Number of protein chains: 2
Amino acid sequence: MKKHNFSAGPCILYPEVIKGASEAINNFKEMDLSLLEISHRDKNFVDVMEEVRELSKEIMALEDDFEVLFLQGGASLQFCMTPYNFMKKNGVAGYSITGTWAKKAAKEGSLFGQVIEVGSSAEENFNYIPKKLKITKNMDYLHLTSNNTIVGTQIKDFPNTDIPLVCDMSSDIFSRQINFNQFSLIYAGAQKNIGPAGTTLVAVRKSALGKTARDIPSMLDYEKHIKSDSMFNTPPVFSVYTCLLTLRALKHNGGLSIIEEQNKLKANHLYKEIERNELFEGVAKKEDRSSMNVCFLLKDESLKEKFDKLCSEAGIVGINGHRSVGGYRASIYNALPFESVRILTEVMNHLD
Amino acid sequence: MKKHNFSAGPCILYPEVIKGASEAINNFKEMDLSLLEISHRDKNFVDVMEEVRELSKEIMALEDDFEVLFLQGGASLQFCMTPYNFMKKNGVAGYSITGTWAKKAAKEGSLFGQVIEVGSSAEENFNYIPKKLKITKNMDYLHLTSNNTIVGTQIKDFPNTDIPLVCDMSSDIFSRQINFNQFSLIYAGAQKNIGPAGTTLVAVRKSALGKTARDIPSMLDYEKHIKSDSMFNTPPVFSVYTCLLTLRALKHNGGLSIIEEQNKLKANHLYKEIERNELFEGVAKKEDRSSMNVCFLLKDESLKEKFDKLCSEAGIVGINGHRSVGGYRASIYNALPFESVRILTEVMNHLD
């Protein structure tokens, strides 16, 4: 049965990516070997790593000062790599607390130095993005989380500051056009718009590194990873290759300008139904609503069983809200077709 | 063309594992969804994680005090997780320097405290295993590397000591019967005998943790990973599932007692040819030779082109020696069939 997959991540990937990944497992580049069985030093894989790093830079239009890495450990490992590489000894960093993940990032940062909350929407359960951030000149960096996956908020305008900007873009990277060059460090777990779980994209400014005077363990040191072309040790070969397939598809389909329009169409269609339909209400404040994760509640909980049944019959999966919010969360990442959103709104429309 | 894959890692996997991995990418457990597209919190994947952890414990016959984790970052990340979790502040640890990887592990350890070389075969290019280790009572742990992948040596007898034993078993775990309960920490990158690159098996004694008085970043803290059942954050779903397929196949084929005998047969067959054939010589000292990585040199380098051509015609791939040693390295991990070793010795036999 055809599924409409609204999972929050790992999430839907383009059909040609699934097909290409499966083929590579059976026979990679006509080597008569599986992608899983070859050395990562084999030219056929070295080429993959080179292409995926270059293509990422190209799609984000990054300046030459940037290097893109594909590491392991998810955004959670970046929570400690960020201070290791960017916070001076006895240093200070600002964190904007826009959700659970931002909070976790700040907690890890506090193991390394002073963490200052420059803003927080915790008192309203993170349903908006704090705007006027209390940034001070002594901060080694300002940490942002571009999209709150759990509540469905998204930063539309990034602060204009001289402090190095660090951004966790795990749940909305490659979904829209922004000036990626305003950041010193961008990181994103692959499992939303980049590929399958198991690798993390890191884009880092070389000129911003080497300033903390810390002894950094090799695997946590961006400079070491850059020096070894993102192969300091065996990379997560399969995940990296599948990311390449996704980025090729993204470029082939028109890049960020086209995907941004498609994502807007999907989000607008769904938010319009939530506003129109008296049985539902949105979770996030309107001006900060995410174009990736659309969170909504049933006003009348007694309709839940019926709505869930209708969704299930229509092949809709993965729309349960995060346990901390409840209700529903439709994650409408890049690879989700408009058709799936149309089906979902149809089901919402038929509920009464 | 049928290949005989002697790659050092990532390396050959069982045919049924390749098949199962490819099938799961197209449709996982008849969900009409790809394994790559489902939430790691979906019961279908939670079951996978539970089974692979349990099965690992079962195959190693580990006591209840152990927990098995499937983490990211390879053995290289364990090089810093080990001291973070096991070395007290101002502590001391012993490292046996049996190769390049042991040396790297010791280097990372030295960022956290005093590292003492309890033994080293560096002066003979690591072609043997140092036996009489200078262990002292004040050591927080003793770090060993069970198999040297580059030169082809292997520890046959582990030291008998009260100091907590830590062992990097990346290149020979699950290849033979040993008393795994003598260790406090075992770790192994998956990409030899466990599965594809992208995950790392960690078996750790719970009772040995929580003693360093360090502030450990969450992602580097074994206790945090144990507490969240090896899903502190999104795990490398595909790699973990493929490890499960491999361990199921290992168990199905008879477990460690049978695989040990099969590995001995392969290694003996190949070492016998190296000893018999006057054109070749082995790299490692006989008593310490590895049953996983068989390293050998051509005595007469002018025969190299001819030998490489014969290998290539026979479908033999991945036997180039590590660049630091030269010559040849036949990695004969669990999944490599005896047939491939037979073909290789035939080619060696026909060289003149």
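Visitor: Which residue in β8(A) does Thr145(A) stand opposite?

Guide: Thr145(A) faces Asp168(A) there. Keep in mind that we're looking at a predicted model.

Visitor: Noted. How many bridges join β5 and β8 of chain A, and do they run parallel or antiparallel?

Guide: Parallel, with four bridges between β5(A), residues 141-145, and β8(A), residues 165-168.

Visitor: What about β8(A) and β9(A), how do they pair?

Guide: In the parallel sense again, over three bridges, with β9(A) covering residues 185-189. Val166(A) has Leu185(A) as its bridge partner in β9(A).

Visitor: Let's switch to the other chain. What is the strand order in the open sheet of chain B?

Guide: The order is β11-β12-β14, three strands with antiparallel pairing. β11(B), at 280-282, and β14(B), at 328-331, are the edge strands; each has a single partner, so one side of each has no neighbour in the sheet.

Visitor: How much are neighbouring strands turned against each other?

Guide: On average 35°, ignoring direction.

Visitor: And how many bridges are there between β12(B) and β14(B)?

Guide: Four, in the antiparallel sense, with β12(B) spanning residues 293-298. Across that pairing, Val294(B) stands opposite Ala330(B) of β14(B).

Visitor: OK, helices. At what angle do α7(B) and α9(B) pack?

Guide: About 5°, and their axes are 10 Å apart. α7(B) is residues 255-276 and α9(B) is residues 338-350. The two are therefore roughly parallel, since angles under 35 degrees count that way.

Visitor: Which residues meet there?

Guide: From α7(B) you have Leu265(B), Lys266(B), His269(B), Leu270(B) and Glu273(B). On the α9(B) side they meet Phe338(B), Val341(B), Leu344(B), Thr345(B), Met348(B) and Asn349(B). By class, that contact between α7(B) and α9(B) comes to six nonpolar, three polar and two charged residues.

Visitor: How many residues of α8(B) are buried?

Guide: One out of its 10 residues, 304-313, so to speak: α8(B) is hardly covered. Gly315(B) follows α8(B) and has a positive phi near 85°.

Visitor: Now the dimer side of things. How many residues of chain A are in contact with chain B?

Guide: 48 residues of chain A, in contact with 48 residues of chain B. On the chain A side, α1(A) at 15-26, α3(A) at 74-86 and α6(A) are the elements that give two or more residues. α1(A) has the largest share, with five residues.

Visitor: How do α1(A) and α1(B) pack?

Guide: At an angle of about 175°, with axes 9 Å apart. That makes α1(A) roughly antiparallel to α1(B). The contact uses Ile18(A), Ala21(A), Ser22(A), Ile25(A) and Asn26(A) from α1(A), and Ile18(B), Ala21(B), Ser22(B), Ile25(B) and Asn26(B) from α1(B).

Visitor: Back inside chain A, then. Into which domains is chain A divided?

Guide: Domain 1 covers 15-252 and domain 2 covers 255-350. Their C-alpha centres lie 27 Å apart, and 22 residues of domain 1 of chain A are in contact with 23 residues of domain 2 of chain A.

Visitor: Which elements supply the domain 1 side?

Guide: β6(A) at 147-148, β7(A) at 153-154 and α6(A) at 237-252 each supply at least two residues of the side that touches domain 2 of chain A. That side of domain 1 of chain A has seven nonpolar, 11 polar and four charged residues.

Conventions:
Residues numbered from 1 in each chain as written. Chains lettered and ligands numbered in written order. Predicted model: local features only at pLDDT ≥ 70, side-chain atom pairs only at ≥ 80, totals over all residues. Domains from an automatic or database assignment. Contact = placed C-beta atoms within 7 Å. Nonpolar A, V, L, I, M, F, W, Y, C, P; charged D, E, K, R; others polar. Buried ≥ 20, exposed ≤ 12 C-beta atoms within 10 Å, placed from the backbone. Pairing = 2+ DSSP bridges. Axes fitted to C-alpha atoms, helices over the stretch in contact; angles between N-to-C directions. Parallel < 35°, antiparallel > 145°, perpendicular 65-115°, else oblique.
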